[in-house]
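Open the model in your viewer and keep the selection tool at hand. This tour tells you what to select next and what is there.

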Amino acid sequence: MLRLHPFEYHRPSRLEEAVTLLAAHADDVMPIAGGTDLVPNMKHGLFTPGHLVALGGVEEMHGIAIEGEELRIGACESLAAVARHPEIEAVFPALARAAELVSGPQLRRVGTIGGNVCLDTRCTYYNQTRFWRKALGYCLKKDGDACHVIKGGTRCVAAHSADTPPVLMVLDATLEIAGADGLRDVPIGDFFTSDGVWNRSIEPDELLVAIRIPIPPEGTSVSFQKLRSRKSIDFPLANLAVRVGRDASSRVSDLRVVASAMGSYPRRVGKVEDAALGNELGPGVIEAVAEQAFRQCHPLDNITVDKEWRRAMVPVLVRRALSEIAEA
Ligand SMILES: Cc1cc2nc3c(=O)[nH]c(=O)nc-3n(C[C@H](O)[C@H](O)[C@H](O)COP(=O)(O)OP(=O)(O)OC[C@H]3O[C@@H](n4cnc5c(N)ncnc54)[C@H](O)[C@@H]3O)c2cc1C
Ligand code: SF4
């Protein structure tokens, strides 16, 4: 049986109280939302904070509402709530879909969208018991000094494995982050970094309070696609979000692709607009975008499923996304 280490559990009800607790125990504290990722990680000895600050009771981190030209989602809203919220389903169906495809129903009821955005990276050589990791000499991300994915590598490339960030990125979401110095806004495009050890611009003593998403202009469609071993429970082997804007004559005026679950952060695929802008979304454009994504996406051996097969599936996911948008 895997046991948890001893820790003190705090239950604030206001944001200020939560931030004060985090500051008071800096370097030995982590926030916990649904705990669906953090608790297994603690059982594996990957994190051993002496204090946990539970976010579920923090009033300011709840609520889903359209405010002016934006949708605001409290970070502690569950994935199930995001997936079935009528305004999200109506205005941001791809976000509802991404939330709906995370894990299985039990975890979606407890797991939050904030925890999904702040999810730790994953790797075959990291998400293991201490005994397992010790036998291998540990690794760069935790307790060791070598990477087993890239031999001789000096940088962790564990997989960013969250499903909602690609959609939030194509939708230009903004993250509200609170810390001892107050609140700051971070565009989600600036949030993730390439360092698989800690791939997000938020410290363990800061909080993601809410996510704000601008309502997209008319003619915008977004599709989310996920590759996984089974149709439930499994983390993504690859995932991507595609956004297409079309003008009054149905010609493409905006095209964005963000792909993830292959390396340590979600990445925008470049140059996809070249073949698409000003044209109708037909088979030629779809093929050109799929080809460009294939050229730029290079999954790594950070999970057990064959990286070449995952790469070969990238253009398939792009074709599915663009065909879905073209046919809608
Ligand atoms: C079997 C299994 C399958 C899974 N499948 C998927 C999947 O398919 N796709 C997927 O995306 N995820 C998957 N997950 C991971 C996880 O369930 C989800 O990502 C979930 O959204 C995490 O949210 P949580 O509230 O439980 O986060 P927690 O476990 O509470 O926290 C995760 C991390 O985020 C930090 N954190 C949480 N909330 C905040 C906040 N508001 N501000 C700052 N930091 C915060 C925590 O400190 C911790 O580091 C799976 C997990 C399991 C166990
Ligand atoms: S990518 Fe390398 S350093 Fe990172 S978790 Fe995996 S083995 Fe460890």
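Select Asp254 and Arg256. Their side chains make a polar contact at 3.2 Å. A polar contact is a pair of N or O atoms within 3.5 Å; within protein, one must be able to donate a hydrogen and the other to accept it, and residues adjacent in sequence count only if both atoms are side-chain atoms. You are looking at a predicted model, in which local features need pLDDT of at least 70 and side-chain atom pairs count only at pLDDT 80 or more, while totals for chains, interfaces and linings use all residues. Residues are numbered from 1 along each chain as its sequence is written, chains are lettered from A and ligands numbered from 1 in the order in which they are written, and side-chain values use heavy atoms, with hydrogens and water left out.

Stay on Asp254. It sits in strand E11, residues 252–260. Strands (E, at least two residues) and helices (H or I, at least four) are DSSP runs, numbered from the N terminus. Is Asp254 buried or exposed? Asp254 counts as buried, because its relative accessibility is 19%. The cut-offs are under 20% relative accessible area for buried, over 50% for exposed, and partly exposed in between (1.4 Å probe, protein chains only). Now show its contacts, meaning heavy atoms within 4.5 Å. Leaving out residues up to four places away in sequence, Asp254 touches Arg243, Val244, Gly245 and Leu277.

**Next stop: ligand 1**

Select ligand 1 and the residues around it.

Now pick out oxygen atoms of the ligand. A polar side-chain atom of Asn116 lies 2.8 Å from one. A backbone N or O atom of Ser103 lies 3.1 Å from an oxygen atom of the ligand. For a polar backbone atom of Cys118, the distance to a ligand oxygen is 3.4 Å. The protein covers 92% of the 980 Å² of accessible area that ligand 1 has on its own. Such areas come from the Shrake-Rupley method with a 1.4 Å probe; for residues, only the protein chains shown count as cover.

**Next stop: salt bridges**

How many salt bridges does a search of the whole structure find? It finds 22. Each is a side-chain nitrogen of Lys or Arg within 4 Å of a carboxyl oxygen of Asp or Glu.

Select Glu59 and Arg14. Their closest N and O atoms are 4.0 Å apart. Glu59 lies in the loop between strands E3 (51–54) and E4 (64–67), and Arg14 in the loop between strand E1 (8–10) and helix H1 (15–24), so the bridge ties together parts 45 residues apart in sequence. Glu59 is exposed at 51%. Arg14 is partly exposed at 41%.

Move to Lys141 and Asp120. This salt bridge spans 2.8 Å, N to O. It links distant parts of the chain, 21 residues apart. Lys141 is buried at 10%, and Asp120 is buried at 4%.

Finish with a group: Glu70, Arg72, Glu176, Asp185 and Arg212. Salt bridges link these residues in a network.
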